[in-house]
Amino acid sequence: MAHSHQVGRESPRLNGLENVPRPFLIGVAGGTASGKTSVCAKIMEQLGQAAVESRSRQVCIISQDAFYRNLNPEEHQRAIRGNFNFDHPDAFDTNLMYKTMQDIAANKTVEIPTYDYVTHKREDTGQVLYPADVVLLEGILVFYFPELRDMFHMKLFVDTDPDTRLSRRVLRDIKERGRDLEKILHQYTSLVKPAFEEFCLPTKKYADVIIPRGADNTVAIDLIVQHIQELMRPNRQNRRRYNSESLVGRPH
Ligand SMILES: Nc1ncnc2c1ncn2[C@@H]1O[C@H](COP(=O)(O)OP(=O)(O)O)[C@@H](O)[C@H]1O
Ligand SMILES: Nc1ccn([C@@H]2O[C@H](COP(=O)(O)O)[C@@H](O)[C@H]2O)c(=O)n1
């Protein structure tokens, strides 16, 4: 695939035109295992950022799953049995999620919690996220909460066939999330699928771009990347500033 210029290497930094908000916040929604993370990874890769060390990264990806709330002992027991509804909006620490996104929008350095799907718990230490030019937040319900939804400058919905999603989820959850087939199918049919239909699917209407087939859709991803690059391309006046000073106050 022929890609246009890569941002952040030989090309000018992604600091953008005066009328383009910085950071440029992109929400990426879609059902479980639809390919949200894979689409974000491809966007980041095509913007030339995949191999950049985290402190210097101009594009970064956050998962909404980092903001799952801590469970009480009774809820935790239910989670172990595959009976806790992680697909309901109440499963998230919305205050922390919103506050963190506000801080990111204000160009502050933040700590993103690290979530462990095996234990259903937040780990003790999170990950430091430095100010970036483009921030992608991916998750099943990133368009559900109006305050969060309204923060995005671009909204993408990854639309992948439900059978494909279920088969990918089964393989992933066995391999990466310490689950067995019986519990995966029980959780999917009793909680995940109904919640998708009630809370996630209705948010598709908020998307600016719907991406059928997820990361396989190279045409859609190329167009999105080109659009981001176009938005972020410095004009001649800005280019002079970029060459003489950093707008970000971040080590390189
Ligand atoms: N186009 C694809 N072809 C094959 N497997 C894929 C594809 N896209 C994603 N996957 C796999 O499906 C699983 C879920 O993908 P992921 O991008 O993490 O989805 P999401 O972030 O929506 O849960 C992962 O194991 C991933 O490797
Ligand atoms: N402890 C947890 C937390 C979340 N889940 C499931 O993860 C899904 C969201 O992640 P995706 O990468 O698939 O978007 C969601 O459908 C939850 O059911 C879980 O099983 N256990």
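Helices here are DSSP runs of H or I with at least four residues, strands are runs of E with at least two, and both are numbered from the N terminus. T109 touches V128, L129, Y130 and P131, leaving aside residues up to four places away in sequence; two residues are in contact if their C-beta atoms, placed from the backbone, lie within 7 Å. T109 and D216 are 107 residues apart in sequence and 33 Å apart in space, C-alpha to C-alpha.

That loop between α3 and β3 (110-112) also holds N107. Phi of N107 is near 65°, a positive value in a residue other than glycine. N107 counts as partly exposed because 16 other C-beta atoms lie within 10 Å.

## What you're looking at

This is a predicted model, in which local features need pLDDT of at least 70, side-chain atom pairs count only at pLDDT 80 or more, and totals for chains, interfaces and linings use all residues. Residues are numbered from 1 along each chain as its sequence is written, while chains are lettered from A and ligands numbered from 1 in the order in which they are written.

The chain has eight helices and nine strands. Buried residues make up 35% of its 252 residues. Take the contacts between residues at least 6 apart in sequence: 79% of them join residues at least 24 apart. UniProt, in an unreviewed entry, places the feature "domain: Phosphoribulokinase/uridine kinase" at residues 25-219. UniProt positions follow the numbering used here, feature names are shortened, and annotations may be inferred rather than shown by experiment. Over residues 25-219 the chain is 37% helix and 18% strand, and the end C-alpha atoms are 22 Å apart.

## Strands side by side

Now for the strands, which pair if DSSP finds at least two bridges between them. β1 and β8 run parallel, joined by five bridges, and β8 and β9 also run parallel, with four bridges. F157 shows up in both pairings: in β8, F157 is the bridge partner of A29, and in β9, I210 is the bridge partner of F157.

In the segment before β1 you'll find P23. A cis peptide bond joins R22 and P23, with omega about 0°.

## The core and α1

What goes on inside? The largest nonpolar core has 51 residues, and V28, V39, I43, V134, V135, L136 and L156 touch the most other members. (A nonpolar core is a set of buried Ala, Val, Leu, Ile, Met, Phe, Trp, Tyr and Cys residues joined through C-beta atoms within 7 Å.) Several elements supply at least two residues each, among them β1, α1, β7 and α7, but α6 gives the most, with six. In soluble globular proteins, nonpolar side chains tend to be buried together. L136 touches I26, V28, C40, I43 and I61, not counting residues up to four places away in sequence.

α1 is mostly covered, with eight of its eleven residues buried. Among those buried residues are K36, T37 and V39. The buried residues of α1 pack against β1, β2, β7, β8, β9 (209-212) and α7. Just after α1, G48 takes a positive phi of about 75°.

## Two ligands

Around ligand 1 there are 14 residues, and the closest are K36, T37, S38, R168 and R172. To count as near, a residue needs its C-beta atom, placed from the backbone, within 6 Å of the molecule. α1 (36-46) and α5 (162-176) each supply at least two residues of this shell, and α1 gives the most, with three. The shell divides into two nonpolar, seven polar and five charged residues. Here Ala, Val, Leu, Ile, Met, Phe, Trp, Tyr, Cys and Pro count as nonpolar, Asp, Glu, Lys and Arg as charged, and the others, Gly among them, as polar.

Residues around ligand 2 include T32, K36, D65, Y68 and H120. Its shell divides into seven nonpolar, two polar and three charged residues. H120 is found in the loop between β4 (115-116) and β5 (121-122). Phi of H120 is near 60°, a positive value in a residue other than glycine. H120 counts as partly exposed because it has 18 C-beta neighbours inside 10 Å.

Methods. Buried ≥ 20, exposed ≤ 12 C-beta atoms within 10 Å, placed from the backbone.
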